[in-house]
Amino acid sequence: MPDPTPSRVREALRGLGYIDERIHGPQRSGETVEFILDLRVMGGQLCLSGSVSGARTAIEPYGASPEVGCPDVRRRG
């Protein structure tokens with residue numbers, strides 16, 4: 001995605017079928033746009049942390065219990 005912006009990233013995620021309630025962010029961090037997807041459905045624990053910078057997209061899966069929001073999970077960097 002050339003020149004990613006938070007609105008373009010949100011639009012792309014919506015185009016992939018993710019609903020707004022599952023998308024946290026996107027927000028700019030320097031030249032990168034970061035976002036979190038909450039994919040916890042039917043007892044699952046999957047969250048995804050993503051970043052977009054130019055043509056590069058990185059995704060990191062992690063788990064979260066239903067009692068905690070995906071953005072609130074502390075992860076080691």
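**Close-up views of the predicted model**

**View A. Cysteine 47 is buried, at 0% relative accessibility.** Buried denotes under 20% relative accessible area and exposed over 50%, with partly exposed in between (1.4 Å probe, protein chains only). The model is predicted, so that local features need pLDDT of at least 70 and side-chain atom pairs count only at pLDDT 80 or more, while totals for chains, interfaces and linings use all residues. Residues are numbered from 1 along each chain as its sequence is written, and side-chain values use heavy atoms, leaving out hydrogens and water.

**View B. Cysteine 47 and cysteine 70 form a disulfide.** Their sulfur atoms lie 2.0 Å apart (a disulfide is a pair of cysteine sulfur atoms within 2.5 Å). The link is left-handed, with -65 degrees about the S-S bond. It connects distant parts of the chain, 23 residues apart: cysteine 47 is in strand 3 (residues 46-53), and cysteine 70 is in the segment after strand 4 (56-63). Cysteine 70 is also buried, with a relative accessible area of 1%. Helices (H or I, at least four residues) and strands (E, at least two) are DSSP runs, numbered from the N terminus.

**View C. Strand 3 and strand 4 form a hairpin with two residues between them.** The strands pair in the antiparallel sense over eight bridges (pairing requires at least two DSSP bridges). Leucine 46 has glycine 63 in strand 4 as its bridge partner. In the turn, glycine 54 has a positive phi of about 60 degrees.

**View D. Helix 1 (residues 6-15) has Val9, Arg10 and Leu13 as buried residues.** The face turned away from the buried side of helix 1 carries the exposed residues Ser7, Glu11 and Gly15. Just after helix 1, glycine 17 takes a positive phi of about 100 degrees.
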